[in-house]
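Come along while I look up a few spots, one at a time.

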Amino acid sequence: TLTASNYGIQQGPVPIMDQPKQERDIVIERGVWLGANVVVLAGVTIGAGAVVGAGAVVTKDLPPNCIAGGIPARVLASRPT
């Protein structure tokens, strides 16, 4: 799932759909592999050759040739270049 927008969470009687929304591009560089059910949030760049494990939630940029996983996703190892 790629979601290029995030809704605000202001206090009060404002419904979620009426909250301010941030829209930011997602960049997935060449040769990236995303496992099943990965979620990539707005504004994230995933570097070339990165591998993201199944079920991860990518909230921040990932460097090239890394192996990442978890919630939130974090770098677990590096791939040989």
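Predicted model: local features only at pLDDT ≥ 70, side-chain atom pairs only at ≥ 80, totals over all residues.

**Entry: a loop residue.** I looked up Ile 26 and found it in the loop between strand 2 (21–23) and strand 3 (27–28). Is Ile 26 buried, exposed or partly exposed? Its relative accessible area is 22%, so I wrote down partly exposed, because buried means under 20%.

Next I listed what Ile 26 touches, leaving out residues up to four places away in sequence. Leu 2, Thr 3 and Ala 4 are among them, and so is the run Val 40, Leu 41, Ala 42, Gly 43 and Val 44. I also checked Ile 26 against Pro 13: they sit 13 residues apart in sequence, and their C-alpha atoms are 31 Å apart in space.

**Entry: the core.** I turned to the largest nonpolar core, which has 13 residues. Which of them touch the most other members? My list reads Val 40, Ile 46, Val 52, Val 58 and Leu 62.

**Entry: charges.** How many salt bridges does the count come to? I noted 1. The side chains of Lys 21 and Glu 23 meet in a salt bridge, with N to O at 3.3 Å. Glu 23 counts as exposed at 59% relative accessibility, while Lys 21 is partly exposed at 41%.

Note on methods: Residues numbered from 1 in each chain as written. Heavy atoms only, no water. Core = buried A, V, L, I, M, F, W, Y, C linked by side-chain atoms within 4.5 Å. Buried < 20%, exposed > 50% of the residue type's maximum accessible area, 1.4 Å probe, protein only. Salt bridge = Lys/Arg side-chain N within 4 Å of Asp/Glu carboxyl O. Helix = DSSP H or I, 4+ residues; strand = E, 2+ residues; numbered from the N terminus. Contact = heavy atoms within 4.5 Å.
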